[in-house]
Amino acid sequence: MLSKKIESALNKQIRIEAESSQIYLSMACWAEIQGLEGVAQFMYRQSDEERMHMLKLIKYVNERGGHAAITELKSPKTSFGTFKEMFGELYQHELFVSQSINELVHVAFEEKDYATHNFLQWYVAEQIEEEAQAKNILDKINLIGDDKGGLYLFDRDIQQITVNSSIGINKN
């Protein structure tokens with residue numbers, strides 16, 4: 001059985017994961033209309049992944065005797081200036097999600113809910129990967145600078161990340 005405090009904290013994380021999915025979906029739409037097909041595919045995949053994170057939390061809450069709450073979401077922004085600004089926002093968002101997961105782990109530890117603490121370790125590891133990937137992408141974008149040829153190659157490279165992950169070669 002989940003304590004009310006744990007249930008509430010998990011439901012907060014469910015909303016954060018849902019909003020993350022929406023943010024990345026909005027980024028995908030923006031990238032697509034900018035002609036960045038590879039970036040759009042990458043963002044669509046990220047959106048799907050965040051939705052799966054949400055569903056995993058929902059199942060856990062419900063299976064542990066809680067009630068997963070589906071709440072209203074904040075609307076994501078729909079314009080991102082440049083692709084560099086968009087990926088900067090992606091990186092900052094991943095840092096925010098990591099902080100939220102860490103706070104959730106802390107609550108589980110305080111509540112002595114070791115099953116939830118154990119369950120959340122997957123999210124901790126996932127966020128380490130998500131942050132590293134976002135930072136790596138941002139570093140590559142900074143190397144490109146304003147080079148249009150570099151942007152073209154970057155778009156193709158990020159599309160390859162998406163293709164590789166869909167066939168199981170590279171998770172992210």
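This briefing covers the nonpolar cores and the salt bridges of the structure above. The model is predicted. Its largest nonpolar core has 24 residues, and a second, separate core has 22. Seven salt bridges are found in the whole structure, and three of these are described below, including one between Lys5 and Glu110.

**Nonpolar cores**

- Within the largest core, the residues with the most contacts are Val39, Met43, Phe83, Met86, Phe87, Leu90 and Phe154.
- At least two residues of this core come from each of α1 (4–33), α2 (37–63), α3 (83–110), α4 (114–144) and α5 (148–166).
- Beyond its neighbours within four places in sequence, Met43 touches Tyr24, Met27, Ala28, Met86, Phe87 and Leu90.
- Among the members of the second core are Met54, Ile58, Val107 and Tyr123.

- Lys5 and Glu110 pair through their side chains, at 3.7 Å from N to O.
- This pair connects helix α1, which holds Lys5, with helix α3, which holds Glu110, across 105 residues.
- Lys5 is partly exposed at 43% relative accessibility, and Glu110 is partly exposed at 46%.
- Arg64 and Asp113 form a salt bridge of 3.6 Å, N to O.
- Arg64 sits in the loop between α2 and α3 and Asp113 in the loop between α3 and α4, so their pairing ties together parts 49 residues apart in sequence.
- Asp113 is buried, with a relative accessibility of 9%.

- The closest N and O atoms of Arg15 and Glu19 are 3.5 Å apart in a salt bridge.
- Both residues belong to helix α1 and are four residues apart, about one turn of the helix.
- Arg15 is partly exposed at 29% relative accessible area, whereas Glu19 is buried at 9% relative accessibility.

Technical notes. Residues numbered from 1 in each chain as written. Predicted model: local features only at pLDDT ≥ 70, side-chain atom pairs only at ≥ 80, totals over all residues. Heavy atoms only, no water. Core = buried A, V, L, I, M, F, W, Y, C linked by side-chain atoms within 4.5 Å. Buried < 20%, exposed > 50% of the residue type's maximum accessible area, 1.4 Å probe, protein only. Contact = heavy atoms within 4.5 Å. Salt bridge = Lys/Arg side-chain N within 4 Å of Asp/Glu carboxyl O.
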